[in-house]
Amino acid sequence: MAKMRERKTAIVQCFGNCGNRDGFTGGKTAESCEQAAEKCRGDKAVCQWGCLGGGSCEAVCRLGAIHVGSRGIAEVDHEKCVGCGLCVGACPRNLIRLTTWEYPIYPACVSEDEGSGTREVCGTGCTACGSCVRNCPVDAISIIRHHAVIDQEKCIACGMCAVKCPRGAIRDMNGIFTVREEKVKI
Amino acid sequence: MSRTYYFTVNGIERSTDQNKPLLRYLRDDLHLHSVKDGCSEGACGTCTIIVDGKAVKSCVLTTRLAEGRDIITTEGLTEKEKEAFVYAFGSRGAVQCGFCIPGMVMAGKALIDRVPDPTEEEIKTALKGNICRCTGYKKIIEGIQLAAAILRGDAKIEEELEKGDEYGVGKRAFRVDVREKVLGYGEYPDDVEMEGMVYASAVRSKYPRARILDIDFSKAMELPGVLTVLTAEDVPNNKVGHLQQDWDVMIAKGSITRCVGDAICLVVAGTREILEKAKKLVKISYEELQPVSSIAEAMAEGAPKVHSKGNLCQSRHVTRGDAKKALANSKYVVTRKYTTPFTEHAFLEPECAVAFPYKDGVKVLSSDQGVYDTRHEISIMLGCDPEKVVVENKLVGGGFGGKEDVSAQHIAALAALKVQRPVKVTFSRQESINFHPKRHAMEGTFTLGCDENGIFTGLDCEIYFDTGAYASLCGPVLERACTHSVGPYCYQNTDIRGYGYYTNNPPAGAFRGFGVCQSEFALESNINLLAEKVGISPWEIRYRNAIEPGKVLPNGQIADCSTALKETLLAVKDVYENNPGRAGIACAMKNAGVGVGLPDKGRAKLVVHDGKIELYSAASDIGQGCATVFIQMVAETTGLGREKIINMGANSEIAPDSGTTSGSRQTLITGEAVRMAAADLDRDLKEAGGDLKELEGKEYFAEFFDPTDKLGADVPNPKSHVAYGFATHVVILDDEGRVKEVYAAHDSGKVVNPIAIQGQIEGGVLMGLGYAFTEDFPLKDSVPRAKYGTLGLMRSTQIPDIHAIYVEKEELLPFAYGAKGIGEIATIPTAPAAQGAYYAMDHVLRTKLPMENTYYSKKQKAVK
């Protein structure tokens, strides 16, 4: 395996499953992110926070390391990604951030809707239930604006939050602690 | 719906149909005991394994999530890797108690597999999730670097080092327990498995103070697999206690609990799973009562009595000369009030014991600081002859004072006798936090005076200790706080009043420093204020007052020839003065040996058996390394190599009582007994022309006792302690207030093991920094709020550069080759030095620990 010294990588803080989105076809939407955003603006049946699937990130990536995949959301190919950050700036919803391999655990949802609202429009989003907060051994997680936020200074990447998350909304880049794939099928 | 989960462990395909934490599967089903259970909460890292190339905590991962994955534990390392880690960790001194070590090895291996030449920073990051409470991480980081170098082929294993032909005092001795601890086959009590063994655990109080109205365990008894449920009625004598027997084994129906750690009944069941289910079925009715949660509440008129005698547990009055007059006539006087918190030992191995019927009594496999103490407490509980109780220590995964009192041992013994089977009692991490005695929280007012030249004139202080629900070692700890509140200086007017109060908080007792961490923090902080008034530097005022050989300590004892405080001050002078505005300094002294008139005896027996020397001495090695030190003493005396000398461990049936691992005493007190016995053996060996076989079957017993005077003895210069260690620490901050470097200069007499002493100092310093900045033990109405992961234990990424310096003088004490203890003192001067550094930086005197408004206390920003 390649050396990962100081290597950063992008993560997308949304895991999709907003299958009720208008025009969604199980692949990249025909529209740009901006068009998709405009179309669903104010629509209560559609998540206003998640990935739009328009591929703004894909368009700017020079390494082909990010694609809108079968889940209709941007997915990072961590083998290719070098953490340059171009996609971070391109995402109109600021969903992409850079992390290092030492911190592979991340909440894949930044929805600011209340838990019940998120539950209505998404099968994988954070409902702010607080299970991760209770189970984090180092008190690194708080619920801020209705979603889990990990304080990386405190996080020891143990994966407990990912294992305990009932919605699989907290994910592990390595895939080891990520749970309930069967529950998050579209 | 049952499913089978398949995965590979150490190259072998395994499957299970139970979905449970992988840690439990590896330990209980596959008996891979290198995977240690330190918390089962994901916080400590002792259970770290490698899953698909990544270091993972096995308590977090489940068998279901492990499906299809490739798992490696320490047992599954290649021979080359095993040898590399054993040698690297041993030669660098990375191993102390050893409980964190297999996890560290796995985290290290996962990193090395990815990055064959990791930098120090990369190693620190890779170890962020692994706590070590002994070493201060530095030696572990060096060990991983060396292991990486060996695996790359850039460094070689010196086989001679582990073999130890040169093993005498002052030699780089490879600890005797490195191999078993690195590879994880060494047994701690929780690794013991016995035929027919069952499990017991106490149901503990929900409230710190409540009357037990009823205990209904009928539902638990109905559960198949439950053997019995015991209550106070089943205990022959329901009291234990290290010195004062004030600790109820279980709180009886109708009685009032004293803290949340109190046991109410003890469930014994066939398996861990049934035990947990059964505990939940026990219904206890409480009448909740208002707890006594602070010293002030305990002192208040009409306060509820935690114990029938009242809330004042212990008091001491230490006085010499006329402090009042001396202070009244002093040119400068400062008075300040200081507050320090409870501190949790947070040793990596939670309490565990296995007991089984043995001969006409019971045997206990234990993890404690004194097998004879444990035997004594159990025999009191059982109301039997102490000889009927045998206590043997397995490996001890850290103690720091927190394993002096019985915890799991006595209830395991009780249950084993009841069910006539082997019984294992293992504390959960939270149970450990709630139960065992902490470092006392202190509130103290200190008044120190000096003349125009900064020469100290007198000290007046009043020290209040919160000893929580039980006395534990309150008396001696309070006494050491009082006797050492004077510091390592020479002035003759002191008036020190100490009070220890019972509350409904968790109990407080012994903890590395033994009361002195609290009082020297206060004293050393006051000294800086006096230096300012006099107009001299904090270094200068200490040097002017420093004790020297032949001068009289404030307690009246004449400093012995080995005293080297001034040498430690000189060792850090330049570094202190070269960092103006960023450096803080503090001195400390700490007794080695229990002293104060007590019969503090070291005993050792050497037996020549099968051409080797067997060493019998019941002195607990809790990770500090005394088992190795004793062998070095024998090696030094006889000239024999390590392979000829075997330490038979701490076992009350075969080894003579050599006292508690407390008071930094083992190296000196037991070490001298070992040296004496070895000297006798050596005389015969010389006569036999150096042929050990000639001595086959011979025994050599020695007892060492150097009498001391009791506190307040009516002699002009009472000798309180056999020896004192001295130290000066300098803490240096960077511009943000982060600790950049610590220089820790120590006088511990002759250094027995130069590898081990560095780790002792570094670990002590890091513990001291935790005390200064990050560690706390918050309570809400007497209920602990902290989990293991939120205690504020320093992690590998937070460590500064710690420089361990030891000054060795020509003049030494005539005992144990001149060695004095290092165990406790390493942790004492750090917090006041850190306080001094902050005072130098921003001129705010922080009188409370952990200090407020520092780099460490500022809320770290959350990322989004």
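**Figure 1. Chain B as a whole.**
Let's start with the overall picture: chain B holds 22 helices and 33 strands. Its radius of gyration is 26 Å, close to the 29 Å that the globule rule gives for 864 residues, so chain B is as compact as a globular protein of that length. Along the principal axes, the C-alpha trace of chain B spans about 80 × 70 × 65 Å. Of the 864 residues in chain B, 64% count as buried. Taking contacts in chain B between residues at least 6 apart in sequence, 80% join residues at least 24 apart.

**Figure 2. Confidence, and the end of chain B.**
For chain B the mean pLDDT is 96, and 99% of its residues reach 70 or more. Residues 860–864 of chain B are another matter, with a pLDDT below 50. Beyond near neighbours in sequence, this stretch has 10 contacts in the model. Where pLDDT is low, the predicted coordinates should not be read in detail. As for the complex, the predictor gives an ipTM of 0.90 and a pTM of 0.95.

**Figure 3. Chain A on its own.**
Chain A is built from six helices and eight strands. Reading from the N terminus, its elements follow the order β-α-α-β-β-α-β-β-α-α-β-β-α-β. Of the 186 residues of chain A, 47% count as buried. Among contacts in chain A between residues at least 6 apart in sequence, 62% join residues at least 24 apart.

**Figure 4. Where chain A meets chain B.**
The contact draws on 25 residues from chain A and 26 residues from chain B. On the side of chain A that touches chain B, the elements giving two or more residues are β6 (141–144) and α6 (160–164) of chain A. The residues on this side of chain A divide into 14 nonpolar, four polar and seven charged.

**Figure 5. Helix α18 of chain B and its bend.**
Helix α18 covers residues 565–577 of chain B, and at 1.5 Å a residue its 13 residues should span 18 Å. The end C-alpha atoms are 18 Å apart, which agrees. Along the way, α18(B) bends by about 35 degrees at Ala571(B). Ala571(B) is also one of the buried residues of the helix, which include Leu565(B), Leu569(B), Val572(B) and Tyr576(B). Lys566(B) and Glu567(B) are on that buried list too. The cover over the buried residues of α18(B) includes helix α17 (538–545) and the strands β24 (583–592), β29 (723–733), β30 (739–747) and β33 (801–806) of chain B.

Helix α12 (residues 371–382) of chain B reaches 16 Å from its first C-alpha to its last, close to the 16 Å expected at 1.5 Å a residue. In α12(B), 11 of the 12 residues are buried, so the helix is largely enclosed by the rest of the structure. Among the buried ones are Tyr372(B), Asp373(B), Arg375(B), Glu377(B) and Met381(B). Packing against the buried residues of α12(B) are β9, β16 (361–366), β17 (389–393) and α13 (409–419) of chain B. Just after the helix, Gly383(B) takes a positive phi of about 65 degrees.

**Figure 6. Helix α5 of chain B and the glycine that follows.**
Gly153(B) follows α5(B) and has a positive phi, near 90 degrees.

Arg439(B) sits in strand β19 (residues 438–439) of chain B. With 29 other C-beta atoms within 10 Å, Arg439(B) is buried, as 20 or more is the cut-off. Not counting residues up to four places away in sequence, Arg439(B) touches Phe342(B), Thr343(B), Ala508(B), Phe511(B) and Cys517(B). Arg439(B) and Thr343(B) are 96 residues apart in sequence and 4.9 Å apart in space, C-alpha to C-alpha.

**Figure 7. Glu233 of chain B, in a loop.**
Glu233(B) lies in the loop between β8 (226–230) and β9 (239–240) of chain B. Having 11 other C-beta atoms within 10 Å, Glu233(B) is exposed. From Glu233(B) to Ile527(B), the separation is 294 residues in sequence and 54 Å in space, C-alpha to C-alpha.

Conventions: Residues numbered from 1 in each chain as written. Chains lettered and ligands numbered in written order. Predicted model: local features only at pLDDT ≥ 70, side-chain atom pairs only at ≥ 80, totals over all residues. Contact = placed C-beta atoms within 7 Å. Helix = DSSP H or I, 4+ residues; strand = E, 2+ residues; numbered from the N terminus. Nonpolar A, V, L, I, M, F, W, Y, C, P; charged D, E, K, R; others polar. Rg over C-alpha atoms; globule rule 2.2 N^0.38 Å. pLDDT = per-residue confidence, 0-100. Expected span 1.5 Å × (residues − 1). Bend = angle between axes of the 7 residues up to and from the residue.
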